[in-house]
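Please have the sequence and the coordinates at hand while reading.

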Amino acid sequence: MAILGKPEKERLLAWYQDNGRHELPWRKLQTPWAIFVAESLLRRTKASTVAGIYPSLIDEFRCPEDVLGKKNLWQQKTNALGIASRANQFFSACEQLIQQHQGEVPGNYNDLITLPGVGHYIANAVISFGYHRPAYIIDTNTIRVASRVTGEQITQAEHRSKKAKRLLEHCFGDQDGLSPHLNFALLDLAFSICKPSKPDCNACPLSNCCQYSAAPGS
DNA sequence: TTCCAGTGGT
DNA sequence: ACCACAGGAA
């Protein structure tokens, strides 16, 4: 049985409606390609930094062919994000999209994770945000929220393990029927309320069912 | 100095 | 299960 009941979920979604980062540019373009581009840049990189370059990037590069035809421009525009090797990895992924998927970003997990630079996180993000199908976003943010709510500790090394997925399911329920909104809500809650340090529990819509809120610092 | 919507290699 | 990756902002 999940920790969060229906009332808590509804409260979380209501909080997201009022306080979510709806202005993030990739939230307005929820196509598989737009999400694939955004998530590829977002790994280990702040959302606000990516948001600064994303609009011109997604306007200039509408498909994998655009990227491969203007590699220098892509590198120039994404250089400020760091991890330059990420650009080469992205080029390889674009080639694979053209060769194996008719230039489209696929919608199933097994195809997605064979793409260079795509792991469980980006695969699930494309499925949830790009295809609007049920999938948990399992990253440092959603894990932190679930960990605090349940009181169950989890290490960095375990973030890609089954334990992490079980933690999210235990906290928020089975992923069947899971909406993109809940994933966005969790990411935004983690950003503005359930921060790594000094979380703002008083303003949190989940404080009534959260272990950490009941015993901060534990 | 530390942290940030992770991934690939070992 | 660990570590490098990289630049920018707090």
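How many helices and how many strands make up the secondary structure of chain A? In this predicted model, chain A comprises 12 helices and zero strands. Its pattern along the sequence is accordingly written α-α-α-α-α-α-α-α-α-α-α-α.

The overall form of the chain may be considered next. A compact globule of 218 residues would have a radius of gyration near 17 Å, and chain A agrees with this because its own value is 18 Å. Along the principal axes, the C-alpha atoms of chain A occupy a box of roughly 55 × 30 × 30 Å. Of the 218 residues in chain A, 34% are buried.

An unreviewed UniProt entry places the feature "domain: HhH-GPD" at residues 41–192. This span is 64% helix and 0% strand, and the C-alpha atoms at its ends lie 21 Å apart.

The surroundings of the DNA remain to be described. DNA strand B is surrounded by 22 residues, the closest being Leu42, Arg43, Gly119, Tyr121 and Leu187. Helices H2 (32–42), H8 (120–130), H9 (140–150) and H11 (180–192) each give two or more residues to this surface; H8 gives the most, with three residues. By class, the surface near DNA strand B has 10 nonpolar, six polar and six charged residues.

Around DNA strand C lie Arg44, Thr45, Ala80, Gly82, Ile83, Ala84, Ser85, Ala157 and Ser161. The classes represented near DNA strand C are four nonpolar, four polar and one charged residues.

Methods: Residues are numbered from 1 along each chain as its sequence is written. Chains are lettered from A and ligands numbered from 1 in the order in which they are written. This is a predicted model: local features need pLDDT of at least 70, side-chain atom pairs count only at pLDDT 80 or more; totals for chains, interfaces and linings use all residues. UniProt positions are given in the numbering used here, feature names are shortened, and annotations may be inferred rather than shown by experiment. Helices (H or I, at least four residues) and strands (E, at least two) are DSSP runs, numbered from the N terminus. A residue is near a molecule or strand if its C-beta atom, placed from the backbone, lies within 6 Å of it. Ala, Val, Leu, Ile, Met, Phe, Trp, Tyr, Cys and Pro count as nonpolar, Asp, Glu, Lys and Arg as charged, and the others, Gly among them, as polar. The radius of gyration is taken over C-alpha atoms; the globule rule is 2.2 Å times the number of residues to the power 0.38. A residue is buried if 20 or more other C-beta atoms lie within 10 Å of its own, exposed if 12 or fewer, and partly exposed in between; C-beta atoms are placed from the backbone.
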